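Student: Could you walk me through a structure, one feature at a time? I would like to learn how to read each kind of contact.

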Amino acid sequence: MKEVNIIPTGWPCKLSDCPPGIFYRESTKALGFKTEYRDDESGEIEVYCLPSGEIFWGGVTTPGERQDLIVQPCEVESHEI
């Protein structure tokens, strides 16, 4: 059997500076996934909620506010138990 953990990496940072991958937003207790892609029309970063797949807004309403949200980059770690 495997145990899978989500581990914080690095320091909390703005969503715009977060590397692509999984992140955690403390104030909303939400996991998200930032892609390396941008929307073709708006140029905004593509960011999604885990596990729903909905677009991640983190409790804000404008793209500028979303880019400035503080998030914690994370990685997945697994091991046999």
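Tutor: Here is a tour of rings, cysteines, charges and a few backbone details.

Student: What should I know before we start?

Tutor: This is a predicted model, in which local features need pLDDT of at least 70 and side-chain atom pairs count only at pLDDT 80 or more, while totals for chains, interfaces and linings use all residues. Residues are numbered from 1 along each chain as its sequence is written, and side-chain values use heavy atoms, with hydrogens and water left out.

Student: Let's begin with rings. How many aromatic pairs does a search of the whole structure find?

Tutor: A pair of aromatic rings is described by the distance of the centres and the angle of the planes. Rings of Phe, Tyr and Trp (its six-membered ring) pair if their centres lie within 6.5 Å; planes under 30 degrees apart count as stacked, over 60 as edge-to-face and the rest as tilted. The search of the whole structure gives 1 aromatic pair. Its partners are Phe-23 and Phe-56, edge-to-face, with 5.0 Å centre to centre and 80 degrees between the planes.

Student: Where in the chain are Phe-23 and Phe-56?

Tutor: Helices (H or I, at least four residues) and strands (E, at least two) are DSSP runs, numbered from the N terminus. Phe-23 belongs to strand β3 (residues 21–25), and Phe-56 to the loop between β5 (45–50) and α1 (63–67); the pair links distant parts of the chain, 33 residues apart.

Student: Is Phe-23 buried or exposed?

Tutor: Buried means under 20% relative accessible area, exposed over 50%, and partly exposed in between (1.4 Å probe, protein chains only). Phe-23 has 0% relative accessibility, so it counts as buried. Phe-56 is buried too, with a relative accessible area of 2%.

Student: Which ring has the charged end of Arg-66 over it?

Tutor: A charge sits over a ring if NZ of Lys or CZ of Arg is within 6 Å of the ring centre and within 35 degrees of the ring normal. In this model the ring is that of Trp-57, with the charged end of Arg-66 4.5 Å from its centre.

Student: On to cysteines. How many disulfides are there?

Tutor: A disulfide is a pair of cysteine sulfur atoms within 2.5 Å. The count here is 0 disulfides. For Cys-13, the closest cysteine sulfur is in Cys-18, and their separation of 4.5 Å is too far for a bond. Cys-49 is in no disulfide either, since the nearest cysteine sulfur, that of Cys-18, is 14 Å away.

Student: And how many salt bridges are there?

Tutor: A salt bridge is a side-chain nitrogen of Lys or Arg within 4 Å of a carboxyl oxygen of Asp or Glu. The count comes to 2 salt bridges. One of them joins Asp-68 and Lys-14, whose closest N and O atoms are 3.7 Å apart. This pair links distant parts of the chain: Asp-68 is in the loop between α1 and β6 (70–80), and Lys-14 is in strand β2 (residues 13–14), 54 residues apart. Asp-68 is partly exposed at 44%, and Lys-14 is partly exposed at 38%.

Student: Which residue forms a salt bridge with Lys-29?

Tutor: Glu-26 does, with the closest N and O atoms 2.5 Å apart. Lys-29 is in the loop between β3 and β4 and is exposed, with a relative accessible area of 54%, whereas Glu-26 is partly exposed at 46%. Lys-29 also has a phi near 50 degrees, a positive value in a residue other than glycine.

Student: What does Glu-44 contact through its side chain?

Tutor: Lys and Arg count as positive and Asp and Glu as negative; His and the chain ends are not counted. Glu-44 lies in the loop between β4 (30–38) and β5. Glu-44 is buried yet has no salt bridge, and the nearest side chain of opposite charge, Arg-66, is 4.5 Å away. A polar contact is a pair of N or O atoms within 3.5 Å; within protein, one must be able to donate a hydrogen and the other to accept it, and residues adjacent in sequence count only if both atoms are side-chain atoms. The side chains of Glu-44 and Gln-67 are joined by such a contact, of 3.0 Å.

Student: Which backbone nitrogen does the side chain of Thr-35 reach?

Tutor: That of Tyr-37, at 3.0 Å. Thr-35 is in strand β4 and counts as buried at 13% relative accessibility.

Student: Last one: where is the cis peptide bond?

Tutor: The cis peptide bond joins Leu-50 and Pro-51, with omega about 0 degrees. Pro-51 is in the loop between β5 and α1.
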